[in-house]
Structure formats: structure tokens, C-alpha cells
Amino acid sequence: MNFVASSGPISVIAGWGHALPDSCVSNQELMRRGVETDDEWIVTRTGIRQRYMAAEGEMTSHLAARAARAALAKAGRSSADVDAIILATATPDNTFPATAARVQALLGMEGGFAFDVQAVCSGFVYALSLADNFIRLGQARRVLVIGAEVFSRLLDWQDRGTCVLFGDGAGAVLLEAQDHAATEAKPRGILSTHLHSDGRGYDLLRADGGPGSTGTAGHVRMQGREVFRHAVTRMGEVIEETLAAHGLTGESLDWLVPHQANRRIIETLAERLGLPMDRVVVTIDQHANCSAASIPLALTVAAEDGRLQPGQLVMLVAMGAGFTWGSALLRW
């Protein structure tokens, strides 16, 4: 499903921010904790060198609220200026209510509406697409879009094929409506979003529990080889679909900001696009796979260090369990 910006309001990223737990855990520290692995094995196969892990009592809502406050501060806005919060997460504080509602309360936001989106690693792109549509339809002027996870709570520490891959964190952007002329050649903001899913891949990457089945949260289970293959194929396809919708080529992009699941996947995508790696934002070595938080974390890092400059063309792309996948093309 494609959503292309019209001549009405366009969604512009006005602010951004992120939050990480205090505990940074290196590959060597995992070994000291008894995980049967080694640094070379992890780095060679994934590109991961460290990850952050939430402390006892530290929840998704806490990280999400911290990232949201940073995004509001960057935009020079307060929670009173926000019409909606959309939180992408696979690790909610509770089965219900939505964790976004707790974030709303933590921000002191008494108006507007808040809800969660569950599309796992594609969640932020899905949430961004929803927020963009609210703005384009005139139902909101400012929307906080957050990806936040405490994925460490879902890990089986005896399964080295999954436990070394994930980390905790949050990233947020504040989308604002901005009017632009229909004749404007290069408008800033979100130009289009493209969403897909295929439930036939449901069992290939999943948590083996849930309130409607086992009554427990379960642990992450993954058929790594199949997931790798689908990730490369589906993300490559949706990138090409997005570029075709705008008459562009891979060389037109200034930056690719992919989901941070595996460095080899990222390198394969860059090669398919003909993009050098110095035009690809890579943070997997720092944060590991933070699921729905990985793209906003990477985006924030690139924005803060000055790589993202006004007017540049940026492609966000993700693939997650379900299978879900999607992209967003924006001009910074």
C-alpha cells in the first residue's frame, strides 16, 4: 500500500531525540555473563559490538518518554502542542492499555490521542505512515512518532542465535504539518510511504508466547537463514518500488537509513542500490537490533552528528516479523 504526498499539508520532521539505558553491554561482557559465544563470531556474522539493556524497573514507556521530550525540545515545542502520539513497540509495559497512553501521561499531555502500533521491526515506518496520513487529512497538526523497545525482556539467554542480536532503546520524531505550494519542486518532509506484509512468514520470526495462547510473553524464536533471505529481498523490492514511484534511482539518494538487523543485510542493500557505504547510516555496532527503535535511533544519530543536511533525500526501510516491511522517502 502506497501513500504519496499530495498538494495539501506535508509532514516535516521538526524535532528528533533518542534515549538509551545506562547499561552498555559489550560482546565480551555477554561472554562473562555465561553466553556461549565470542566477539569475533558476533562481529563477523552481524556487525554488532555492543548493545544497551534496560535496568530492572526501566520500561518501554520510560525510554519512549525520554526520547519524546528530546524531540519536543529540539523542535522548541511542548506536549501541549502535540495532537497525537503513535508508539511503535513489540514490548509494551502491559498487555493493555497502550503504552502510548502512559507516555502521554508522563509528558503531561492532557489533550489529543495516543495509541500503539505493533509491526515489530517495521513498526516505526508503519507509525510514521499513519502519522503522515493524519496530517495530510487535516486530523492532526503535530504528531509524536516513537519507536521504543526493551527487547532484552524477550530473550532466551541460552539461545546464542538470538540473544546476542537485540538491544533496548528508543527514538522519536515530531512531525509537523507544513503547507507548501503544489508547484514547489523539492518540498521538505515525507514524500511517500510504502507498506507491505505477508502472513505466510508468521512462524519464521516470533515470540513463542502471548496472552491469547500461553498467557506468557514468551521468547524470541527465529529461523535465521530464512529471515535473512526475506529481509534482503523484501527491503530491496520496497526500495525499488519507492524510487520508481518518484522516477528516481538509487544514486538519487543522499542517505539510506535501514533497519539495523545485520550489517551483511545492510551492505547487500547498498550494493543493490549502487550506494557507497559512506551514504548509509549504520549504528548496529553501537545499538544492536532495537526492533522498532532501530530506525529512529539511527536517524537521530545521523541528525545529531551533522550528516543529515536540509534538502537531502533520505530513504528509511525496514523489515520485521509477520512478515512486515515498508519504506518512507523524505526530504530532510
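P97 sits in the loop that runs between β5 (84–88) and α4 (99–106). In this predicted model, the peptide bond leading from F96 into P97 is cis, with omega near 5 degrees. There is another cis bond to look for: G322 and F323 are joined by one, with omega about -10 degrees. To find F323, go to the loop between β13 and β14. These spots are worth a look because most peptide bonds are trans, and most residues other than glycine have a negative phi.

V120 is not a glycine, yet its phi is positive, about 55 degrees. V120 belongs to the loop between β6 and α5 (123–136). Is V120 buried or exposed? With a relative accessible area of 15%, V120 is buried, since the cut-off for buried is under 20%. A288 also has a positive phi without being glycine, here near 60 degrees. You will find A288 in the loop between α9 (284–287) and α10 (294–304). A288 counts as buried too, at 1% relative accessibility.

Next, turn to the strands. Five of them form an open sheet in the order β2-β8-β7-β5-β6, with mixed pairing. The edges of this sheet are β2 and β6 (113–117); each has a single partner strand, so one side of each has no neighbour in the sheet. On average, neighbouring strands here are turned by 20 degrees against each other, direction ignored.

Searching the whole structure turns up 1 cavity of 30 Å³ or more, and the largest cavity has a volume of about 60 Å³. Which residues line the largest cavity? They are S11, V12, I13, R188, G189, I190, L330, R331 and W332. At least two lining residues come from each of β2 (10–19), β9 (189–197) and β14 (324–331), and β2 gives the most, with 3 residues. By class, this lining holds 5 nonpolar, 2 polar and 2 charged residues.

Now for the pockets. The largest pocket holds about 840 Å³ of space. Its lining has 31 residues, with A90, Q118, L154, A207 and A217 lying nearest the centre. Strand β10 (residues 205–207) supplies the largest share of that lining, 3 residues. Sorted by class, the lining residues are 17 nonpolar, 11 polar and 3 charged.

The second largest pocket has a volume of about 450 Å³. Of the 24 residues that line this pocket, L165, M222, G224, A261 and N262 lie nearest its centre. Elements giving two or more residues to this lining are α2 (39–46), α7, α8 (263–273) and β13 (313–320). Which element gives the largest share of the lining of the second largest pocket? It is α7, with 6 residues. In class terms, this lining has 14 nonpolar, 7 polar and 3 charged residues.

Let's finish with helix α7 itself, which covers residues 224–245. At 1.5 Å a residue, its 22 residues should span 32 Å, and the end C-alpha atoms are 31 Å apart, which agrees. Buried residues in α7 include V227, H230, A231 and V232, as well as I239 and L243. After the helix comes G247, with a positive phi near 65 degrees.

How values were computed. Residues are numbered from 1 along each chain as its sequence is written. This is a predicted model: local features need pLDDT of at least 70, side-chain atom pairs count only at pLDDT 80 or more; totals for chains, interfaces and linings use all residues. Side-chain values use heavy atoms; hydrogens and water are left out. On a 1 Å grid over the protein atoms alone, a cavity is a set of points where a 1.4 Å probe fits but cannot get out, and a pocket is an open set with protein on both sides within 12 Å along at least five of seven lines; lining residues have an atom within 4 Å of a point. Grid points are joined across faces, edges and corners, and a volume is the space filled by probe spheres set on the points. Helices (H or I, at least four residues) and strands (E, at least two) are DSSP runs, numbered from the N terminus. Ala, Val, Leu, Ile, Met, Phe, Trp, Tyr, Cys and Pro count as nonpolar, Asp, Glu, Lys and Arg as charged, and the others, Gly among them, as polar. The expected span of a helix is 1.5 Å times one less than its number of residues. Buried means under 20% relative accessible area, exposed over 50%, partly exposed in between (1.4 Å probe, protein chains only). Two strands pair if DSSP finds at least two bridges between them. Axes are lines fitted to C-alpha atoms, for helices over the stretch in contact, and angles run from 0 to 180 degrees between N-to-C directions.
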